[in-house]
Amino acid sequence: MVVPLSSMCEGEKGKIRKLELPPVTRERLCGLGFVTGEEIQLVKVAPFGDPKVFRIKGSDITLRDDISMWILVETSSFPLSYVSEGDYWVSLINGGMGFRQRLRMIGIEEGIKISVIGNLGKRIEVSAKGIRSALSRGQAMRIIVRER
């Protein structure tokens, strides 16, 4: 799935596919390592969502959304709230210990397989380790999954 760099979730990784920026900005970012095929990770998001810190070639670079939206990345991970019915693997959970503990109680942990039963309206129905649960869209946004 190819998405703008600005729409990635914290902790998510991807490979740069295209830079649709003006030549001066593109040259500057290429000098920092933003080149096609390079792996990039969203490390940290500011409290109000902008700017974001990305890790590329071992360096942390801060970009605002007005620049990062023009950098297209290929990623195999996406938030649980975006998926349709089917089976997925949990690759990352963005949240504190309390959130992780609540998810663990319903069978959701990093590295396990979950089944999305329904993705309707404000709730997403999932099944993990034989436990069927409903998650709010906000909770599902913090769970990053990938297809196998």
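Which side chain does Lys 52 meet in a salt bridge? Asp 65 is the partner, at 3.4 Å, N to O.

This is a predicted model, with residues numbered from 1 along each chain as its sequence is written. Local features need pLDDT of at least 70, side-chain atom pairs count only at pLDDT 80 or more, totals for chains, interfaces and linings use all residues, and side-chain values use heavy atoms, with hydrogens and water left out.

**View A. Lys 52 and Asp 65 form a salt bridge.** A salt bridge is a side-chain nitrogen of Lys or Arg within 4 Å of a carboxyl oxygen of Asp or Glu. The search of the whole structure finds 11 salt bridges. This pair links distant parts of the chain, 13 residues apart. Lys 52 is in strand β4 (residues 52-56), and Asp 65 is in helix α2 (residues 65-68). Helices (H or I, at least four residues) and strands (E, at least two) are DSSP runs, numbered from the N terminus. Lys 52 is buried, at 7% relative accessible area. Asp 65 is partly exposed, at 23%. Buried means under 20% relative accessible area, exposed over 50%, and partly exposed in between (1.4 Å probe, protein chains only).

**View B. Lys 113 and Asp 87 meet in a salt bridge.** The N to O distance is 3.6 Å. Lys 113 lies in strand β9 (residues 113-120) and Asp 87 in strand β8 (residues 86-93), so the contact ties together parts 26 residues apart in sequence. Lys 113 is partly exposed, with 43% relative accessibility. Asp 87 is also partly exposed, at 43%.

**View C. Glu 109 and Lys 129 join two loops.** Their side chains form a salt bridge of 2.7 Å, N to O. Glu 109 sits in the loop between α3 (97-105) and β9. Lys 129 sits in the loop between β10 (123-128) and β11 (131-136). The two residues are 20 apart in the chain. Glu 109 is partly exposed, with a relative accessible area of 27%. Lys 129 counts as exposed, at 55%. Arg 104 belongs to the network as well: salt bridges link Arg 104, Glu 109 and Lys 129.

**View D. A cis peptide bond joins Asp 50 and Pro 51.** Omega is about 5°. Pro 51 lies in the loop between β3 (39-45) and β4. Most peptide bonds are trans.

**View E. Lys 57 has a positive phi.** The angle is about 50°, although Lys 57 is not a glycine. Most residues other than glycine have a negative phi. Lys 57 is in the loop between β4 and β5 (59-63). The residue is exposed, with a relative accessible area of 57%.

**View F. Asn 94 is buried in a loop.** Its place is between β8 and α3. The relative accessible area of Asn 94 is 19%. Leaving out residues up to four places away in sequence, Asn 94 touches Cys 9, Glu 10, Phe 99, Arg 142 and Ile 144. Contact here means heavy atoms within 4.5 Å.

**View G. β9 and β10 form a hairpin.** The strands run antiparallel, and 5 bridges join them. Two strands pair if DSSP finds at least two bridges between them. Asn 119 stands opposite Ile 124 in β10. The hairpin has 2 residues between its strands. In the turn, Gly 121 has a positive phi of about 55°.

**View H. β10 has a covered face and an uncovered face.** Ile 124, Val 126 and Ala 128 make up the covered face. Arg 123, Glu 125 and Ser 127 make up the uncovered one. In a regular strand the side chains alternate between the two faces of the sheet.

**View I. β10 and β11 pair in the antiparallel sense.** The pairing runs over 6 bridges. Ser 127 has Arg 132 in β11 as its bridge partner. This hairpin has 2 residues between the strands. Which residue of this hairpin takes a positive phi? Lys 129 does, near 55°, and Lys 129 is a residue other than glycine. Lys 129 is also the salt-bridge partner of Glu 109.
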